[in-house]
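I opened this notebook to record what I looked up in a structure that is new to me. The entries follow the order of my reading.

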Amino acid sequence: MLNFVKNGRSRLKTNQVRQRAYGDQFSAVAYSDSGQKVNDEAILQERMLELAFEGKRWFDLVRFDQAFERVPSLQGRSSERHLLLWPISLGTISLNAKIEQNPGYGN
C-alpha cells in the first residue's frame, strides 16, 4: 500500500474514478496532494458528510487524533486519554476472567 501511495498511483486511480463520476466537472474535484494536514481535514469533512448517520464519526476522530479538539464535551480534557475507550460491560468481564476493565473505569 505504501508503494502505491509513494509512486503516485493512488492519485492516478483516484482521479480516474472522479473523472468517470464527474465527467465535465472533473476539474473541480481532481485530487491533488496538498499535504497530510489538508488531506486529513478533507477526509474527515467528506466522511462526516457521507457517513453522518452511520455511527462512524467517533472512530474517525479517534483514529485522526482529533476527538479532544472537535468534541465539545472533551475539549480541555486531553490528559484524560481513557475517555477515548469505552468501558467493558460487567457481563462481558464476568464471562472471562482474563478480560480487564479499560483504564479509568474502575474494576
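**Entry 1: confidence.** I began with pLDDT, the predictor's confidence in each residue, from 0 to 100. The protein chain has an average pLDDT of 87, and 92% of the residues score at least 70. I noted that confidence is lowest in helix 1 (residues 2-6), at a mean of 50, and highest in helix 5 (residues 67-70), at 96. Helices here are DSSP runs (H or I, at least four residues), numbered from the N terminus. Where pLDDT is low, the predicted coordinates should not be read in detail.

**Entry 2: conventions.** This is a predicted model, in which local features need pLDDT of at least 70 and side-chain atom pairs count only at pLDDT 80 or more, while totals for chains, interfaces and linings use all residues. Residues are numbered from 1 along each chain as its sequence is written, and side-chain values use heavy atoms, with hydrogens and water left out.

**Entry 3: aromatic pair.** I searched the whole structure and found one aromatic pair. The ring centres of F59 and W86 are 5.8 Å apart and the planes stand at 55°, so the pair is tilted (rings of Phe, Tyr and Trp, the last by its six-membered ring, pair if their centres lie within 6.5 Å; planes under 30 degrees apart count as stacked, over 60 as edge-to-face and the rest as tilted). F59 belongs to helix 4 (residues 57-63) and W86 to the loop between helix 5 and helix 6 (90-95), so the pair ties together parts that are 27 residues apart in sequence. I then looked up accessibility (buried is under 20% relative accessible area, exposed over 50%, partly exposed in between, with a 1.4 Å probe and protein chains only). F59 is partly exposed at 46%, and W86 is exposed at 54%.

**Entry 4: salt bridges.** How many salt bridges does the structure hold? I recorded five, each a side-chain nitrogen of Lys or Arg within 4 Å of a carboxyl oxygen of Asp or Glu. R70 pairs with E41, their closest N and O atoms being 2.3 Å apart. This pair links distant parts of the chain, with R70 in helix 5 and E41 in helix 3, 29 residues apart. R70 is partly exposed at 29% relative accessibility, as is E41 at 34%. R81 forms a salt bridge with D65, with the closest N and O atoms 3.3 Å apart. R81 sits in the loop between helix 5 and helix 6 and D65 in the loop between helix 4 and helix 5, so this pair ties together parts that are 16 residues apart in sequence.

Note on methods
Helix = DSSP H or I, 4+ residues; strand = E, 2+ residues; numbered from the N terminus.
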